[in-house]
Amino acid sequence: MSWDWSYAAQILPDLLWGVWVTVVVTTACSAIALTGGLAIAVIGSTCGPAGRLCVRVMIELFRGVPILVLLYFGFYALPQIGVTLAPAAIGILVLGVVYAAYCSEVYRGALMTIPPGIHDACVALSLPTRVIWLRVLLPLAIQKSMPALINYVLVLYRQSAFLFAIGVPVLLARAQIAGYQSFRYLEPYTLAGLLYLLMNLPFVYLLHRYRMTNAGAHA
Amino acid sequence: MMTAVFEYFPAILDGLLTTAIVALLSIIGAAIVSVLLGVLRNSGQMHVRAAAGGAVELLRGASALVYLFWAYYALPALVPELPRFDPFIASIAVLSLVGGAYGSEIVRGGLQAVPRGQSDACRALGLRPHQALIRVILPQALSQIVPGFASLAVDLVKWTSIVSFVGVQDVLYVANSVRSITYETTAVFLIVAALYWVLCLLVSLTFLAIERTLPLNRALRASRRPTELPLKGRPLSAQPLVLQE
């Protein structure tokens, strides 16, 4: 079986639709992961030993279990306890929450590297706690975590292919359906692979630009 | 209520064994690929460095799942002379290559962290480059590489869950069958999640043990021992001049 250009052209619109779904899913997951991670990190560092322990347990639980198992769990087990959600919603929630756990570690590390003197200075100025967090500590932590966070969004984008397992029409799912329908797997999977690779480029550009501006700031 | 699941527990354990074997072989394969690619990325020749870097970026560019599907379904169509892949072998090959691409970054960082003077000294002593790498640089770099590789190995254990898609009967594959027979969805997936979790824990504990046996770490521990002795108790001047005990 050799490469068939007309077939490739015929399935391309379908695959591009899958690209769009992948972008939407990645954006939604990232929103959950980035804000949820921040919330977890703040809870972990303000709520004393009990809060820290809860956060630790949650992170360790999510770390040791494959995403696929969590996806199946959400897809098959949640309806049994009365929670019915669309597959896309389950997928976005699972990926988002798992990566929120990962991102919280990044934020936590960034919060730890902020010199304690800054916090002391804010207290000395008798700033309200809300202002200390929202205007001083969090902006610093977010700025420090930026490269690692972009990297996690990139990982999230790559992992979004897993959502095909529960029937979310991401790019890989489109390729699989196209392959089923015509019994030709070469073109769909090759095109899907190439599209997945191409979609890395915006992230590479972002990271590169971030490094450039940061190098400029330090120079 | 859960008795139906326990009836199938031996089958799930069989699946767990398959998962463990796939994970073990992929970790070993990924370690080999990481060292190869990591060394090539530090090569003195520009084009070798560029080619290795390109391969790493290519392999990291999409998830292992996409590569597994491509290798299993598309590659045989592209190269008809190739014998049909065994799903087991295709899985391990893909996981080793993708894992190795991620690992090569760890190896490269570890090699670069070894002070430059070490390789200069090797050259001054007349060691060939590969001798210097294998006998001097790599053993020292390992104490940097192994901790990083440990978390990659845990990731690889989790990535093995994708092999169920090409028909390898790993623990997730078995769990899905048990689910469709017993309908005890929650119980089945809780058990599987727990099994994966324990497997990941075992892998990280193993790597902690490996870390302790590394030559540089052993040497560091040994060098720390005698110097600690004089600090205790009497002032230094009153210590007898015995450094080894």
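Tutor: Two residues are in contact if their C-beta atoms, placed from the backbone, lie within 7 Å. This is a predicted model, in which local features need pLDDT of at least 70 and side-chain atom pairs count only at pLDDT 80 or more, while totals for chains, interfaces and linings use all residues. Residues are numbered from 1 along each chain as its sequence is written, and chains are lettered from A and ligands numbered from 1 in the order in which they are written.

By that criterion, 26 residues of chain A touch 26 residues of chain B. On the side of chain A that touches chain B, the elements contributing two or more residues are helix H3 (67-77), helix H6 (129-159), helix H7 (171-182) and helix H8 (186-198) of chain A. Helices here are DSSP runs (H or I, at least four residues), as are strands (E, at least two), numbered from the N terminus. H8(A) gives the most to this side, with seven residues. Sorted by class, the side of chain A that touches chain B holds 18 nonpolar, seven polar and one charged residues. In this scheme Ala, Val, Leu, Ile, Met, Phe, Trp, Tyr, Cys and Pro count as nonpolar, Asp, Glu, Lys and Arg as charged, and the others, Gly among them, as polar.

The chain that supplies this side may be described next. Chain A has nine helices and zero strands, and its C-alpha trace spans about 75 × 55 × 25 Å along the principal axes. Of its 219 residues, 37% are buried. A residue is buried if 20 or more other C-beta atoms lie within 10 Å of its own, exposed if 12 or fewer, and partly exposed in between, with C-beta atoms placed from the backbone. Among contacts in chain A between residues at least 6 apart in sequence, 79% join residues at least 24 apart. The loop between helix H5 (116-124) and H6 of chain A contains A:Ser126. A:Ser126 has a phi near 50 degrees, a positive value in a residue other than glycine, and is exposed, with 6 other C-beta atoms within 10 Å.

For chain B the radius is 24 Å, well over the 18 Å that the rule gives for 245 residues, so chain B is more spread out than a compact globule. The C-alpha atoms of chain B fill a box of roughly 80 × 50 × 25 Å along the principal axes, and buried residues make up 38% of the chain. In chain B, 77% of the contacts between residues at least 6 apart in sequence join residues at least 24 apart.

Helix packing within chain B can be followed in two pairs. The axes of H2 (residues 9-41) and H3 (residues 46-60) of chain B come within 7 Å and cross at roughly 135 degrees; axes are lines fitted to C-alpha atoms, for helices over the stretch in contact, and angles run from 0 to 180 degrees between N-to-C directions. H2(B) and H3(B) are therefore oblique to each other, where angles under 35 degrees count as roughly parallel, over 145 as roughly antiparallel, 65 to 115 as roughly perpendicular and the rest as oblique. From H2(B), B:Leu37, B:Leu40 and B:Arg41 meet residues of H3(B) including B:Val48, B:Ala52 and B:Val56. This contact of H2(B) with H3(B) has six nonpolar, one polar and two charged residues.

In the second pair, the axes of H4 (residues 64-78) and H5 (residues 87-113) of chain B come within 9 Å and cross at roughly 140 degrees. Among the residues that make the contact are B:Tyr67 and B:Leu68 of H4(B) and B:Val94 and B:Val98 of H5(B). The contact of H4(B) with H5(B) comprises eleven nonpolar, one polar and no charged residues.

Helix H5 of chain B also holds B:Ile106, which is buried, with 22 other C-beta atoms within 10 Å. Beyond its neighbours within four places in sequence, B:Ile106 is in contact with B:Ser34, B:Ile145, B:Gly148, B:Phe149 and B:Leu152.

Note on methods:
Rg over C-alpha atoms; globule rule 2.2 N^0.38 Å.
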